[in-house]
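This report goes through one protein model, from its overall make-up to individual residues. Please keep the sequence and the coordinates at hand while reading.

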Amino acid sequence: MSAPVPIQVLLTDAPHEQLDSALVWISRVYLQGGGGLEPDTAGSDTTSTGGRVDLFHDAANPLQFDLLKLRDGLTADLTGLVEVDVGLYQGLRFVVDSARVYLAEGLVFENDSTWGSLKVPSGSTSGIKVKLSDIIRAEEGDTTSITVDFDVDDNFVIQRDAHTGAVRKILFTPVLREKSRGAPGS
């Protein structure tokens, strides 16, 4: 029997000019096993790697992050080092329970508020899929750290009123991407 393999997931972002903060609450981070050799091909929860493997799961106490504070090389540790079974994992997902944005100084929503809650498509159910550069190979003797970019510029689409310039709404169109992978601290 093989020894468990440590995996860690980190979170980062880039600056955004129209937002002062972008808060997300993450209650679960999990790997998805599958039978293929391509990322995101998992079709079921029963595989040789055990289907869904939680790296973090606490719905009662979700992790809260201000994505705009995670820039210039700063990351947040979502999971710490978690031991998983040796095997192949095609998917990585974040269950995002909620999201809230605060507008930059001088901007307001149509209701004169400077903040708003966002709808999170599939975020609180199956989770938001992370686009991986390749499958995750959990091999004996290795430790893997995956940094995920939660790019606010790409994921938060600001819609304005053409006449007043006020922010009508902000659409959350989540597409998360693997930024880097390697040993922790590399």
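## Basis of the description

This is a predicted model, in which local features need pLDDT of at least 70 and side-chain atom pairs count only at pLDDT 80 or more, whereas totals for chains, interfaces and linings use all residues. Residues are numbered from 1 along each chain as its sequence is written, and side-chain values use heavy atoms, with hydrogens and water left out.

## Overall make-up

The protein has one helix and 14 strands, these being DSSP runs numbered from the N terminus (helices H or I, at least four residues; strands E, at least two). Of the 186 residues in the protein, 47% are buried, where buried means under 20% relative accessible area, exposed means over 50%, and partly exposed lies in between (1.4 Å probe, protein chains only). Among contacts (heavy atoms within 4.5 Å) with a separation of 6 or more, 80% are made by residues 24 or more positions apart.

## Aromatic pairs

A pair of aromatic rings is described by the distance of the centres and the angle of the planes. The structure holds three aromatic pairs; rings of Phe, Tyr and Trp (its six-membered ring) pair if their centres lie within 6.5 Å, and planes under 30 degrees apart count as stacked, over 60 as edge-to-face and the rest as tilted. One of them joins Tyr 102 and Trp 115, whose ring centres are 6.3 Å apart with the planes at 35°, so this pair is tilted. The pair links distant parts of the chain, since Tyr 102 belongs to strand β7 (residues 87-103) and Trp 115, 13 residues apart from it, to strand β8 (residues 115-118). Tyr 102 counts as partly exposed at 27% relative accessibility, and Trp 115 likewise counts as partly exposed, at 40%.

Phe 156 and Phe 172 form another tilted pair, 4.9 Å from centre to centre and with 35° between the planes. Here too distant parts of the chain are linked, with Phe 156 in strand β12 (residues 156-160) and Phe 172 in strand β13 (residues 167-172), 16 residues apart. Both Phe 156 and Phe 172 are buried, and together with Phe 150 they form one aromatic cluster.

## The nonpolar core

In soluble globular proteins, nonpolar side chains tend to be buried together. A nonpolar core is taken here as a set of buried Ala, Val, Leu, Ile, Met, Phe, Trp, Tyr and Cys residues joined through side-chain atoms within 4.5 Å. The largest such core has 47 residues, of which Leu 11, Leu 92, Phe 94 and Phe 156 touch the most other members. Strand β7 supplies the largest share of this core, seven residues.

Strands β7 and β9 pair in the antiparallel sense over two bridges, strands being paired if DSSP finds at least two bridges between them. Phe 94 has Ile 128 as its bridge partner in β9. Strand β9 is also joined by two bridges to strand β14 (residues 176-182), and these two run parallel; the partner of Lys 131 in β14 is Arg 177.

## Selected polar residues

Glu 178 has its place in strand β14 and is buried, with a relative accessible area of 13%. A polar contact of 2.8 Å joins the side chains of Glu 178 and Arg 181; such a contact is a pair of N or O atoms within 3.5 Å, where, within protein, one must be able to donate a hydrogen and the other to accept it, and residues adjacent in sequence count only if both atoms are side-chain atoms. Leaving aside neighbours within four places in sequence, the residues in contact with Glu 178 include Val 130, Lys 131 and Ile 146.

Arg 52 lies in strand β3 (residues 52-57) and is partly exposed, with a relative accessible area of 34%. In the loop between β7 and β8 lies Asp 112, which has a positive phi of about 70° although it is not a glycine; at 63% relative accessibility, Asp 112 counts as exposed.
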